Amino acid sequence: MINLVGKLQDIQEEFGYLKRDKLDEISRELKIPLARIYSLATFYSSFSLTPPAKHSITVCTGTACYIKGAGEIVERIIEKLGITPGETTDDNKFKLETVNCLGACALAPLVTIDGNYYGNMTPEKIIEALETYL
Ligand code: FES
């Protein structure tokens, strides 16, 4: 099993996600059913079965951010992009995620887009910020 996890990590690192054709190759090489490989791949959150999005949006929904309106910010993003946390837009342009704390609570509510910090975010400002990435 360790060998399988290592091979999945190699694929994830090289392509940014677990490509189906590579999983087929591993299945044949290690003589492990594909369903078992998928079962392992979906168990670990560090593996992704879909290609990485061009832009990654992370909304902090930790306590400090939540009480300052992070929930409304998430709702605006859902309305604007049509995806919920954990999903990627159909054109693969945006992925939305939520986290429990980004470690900069003084900036609450806080959002990052491609690692850039947007502090003191509001439902209005998130739309402006997103439009710079469209
Ligand atoms: S709770 Fe949001 S940055 Fe800490």
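**Close-up views of a predicted model**

**View 1. Helices α5 and α6 make a right-handed crossing.** This is a predicted model, as is everything in the views below. Helix α5 covers residues 70–81 and helix α6 covers residues 123–131. Their axes come within 9 Å and cross at roughly 45°. Angles under 35 degrees would count as roughly parallel and 65 to 115 as roughly perpendicular, so α5 and α6 end up oblique to each other. On the α5 side, the contact is built from Glu72, Ile73, Arg76, Ile77, Lys80 and Leu81. Helix α6 brings Pro123, Glu124, Ile126, Ile127, Leu130 and Glu131 to that contact. Sorted by class, that makes 7 nonpolar and 5 charged residues, with no polar ones.

**View 2. Histidine 55 sits in strand β1 and pairs up with aspartate 114.** Strand β1 runs over residues 55–60. Is histidine 55 buried or exposed? Its relative accessibility is 10%, so histidine 55 counts as buried. Skip the neighbours within four places in sequence, and histidine 55 is in contact with Lys93, Phe94, Lys95, Asp114 and Tyr133. Two of these partners deserve a zoom. The side chain of histidine 55 makes a polar contact with the side chain of aspartate 114 at 2.6 Å. The histidine 55 side chain also reaches the backbone oxygen of tyrosine 133, at 3.5 Å. For scale, take threonine 84, which is 29 residues from histidine 55 along the chain: the two C-alpha atoms are separated by 15 Å.

**View 3. A cis peptide bond links alanine 108 to proline 109.** If you're checking backbone torsions, look at omega here: the value is about -10°. Proline 109 belongs to the loop between β2 (94–99) and β3 (111–113).

**View 4. Asparagine 92 and asparagine 120 each have a positive phi without being a glycine.** For asparagine 92, phi is about 65°. Asparagine 92 is placed in the loop between α5 and β2, and its relative accessibility of 26% makes it partly exposed. For asparagine 120, phi is about 50°. Where does asparagine 120 lie? Look in the loop between β4 (116–118) and α6. Asparagine 120 has a relative accessible area of 42%, so it counts as partly exposed too.

**View 5. Threonine 42 is an exposed residue of helix α3.** Helix α3 takes in residues 34–43. The side chain of threonine 42 reaches the backbone oxygen of serine 39 at 3.1 Å. How does threonine 42 sit relative to leucine 134, which is 92 residues away along the chain? Their C-alpha atoms are separated by 30 Å.

Methods:
Residues are numbered from 1 along each chain as its sequence is written. This is a predicted model: local features need pLDDT of at least 70, side-chain atom pairs count only at pLDDT 80 or more; totals for chains, interfaces and linings use all residues. Side-chain values use heavy atoms; hydrogens and water are left out. Axes are lines fitted to C-alpha atoms, for helices over the stretch in contact, and angles run from 0 to 180 degrees between N-to-C directions. Helices (H or I, at least four residues) and strands (E, at least two) are DSSP runs, numbered from the N terminus. Angles under 35 degrees count as roughly parallel, over 145 as roughly antiparallel, 65 to 115 as roughly perpendicular and the rest as oblique. A crossing is left-handed if the near helix is turned anticlockwise from the far one by less than a right angle, and right-handed if clockwise. Contact means heavy atoms within 4.5 Å. Ala, Val, Leu, Ile, Met, Phe, Trp, Tyr, Cys and Pro count as nonpolar, Asp, Glu, Lys and Arg as charged, and the others, Gly among them, as polar. Buried means under 20% relative accessible area, exposed over 50%, partly exposed in between (1.4 Å probe, protein chains only). A polar contact is a pair of N or O atoms within 3.5 Å; within protein, one must be able to donate a hydrogen and the other to accept it, and residues adjacent in sequence count only if both atoms are side-chain atoms.
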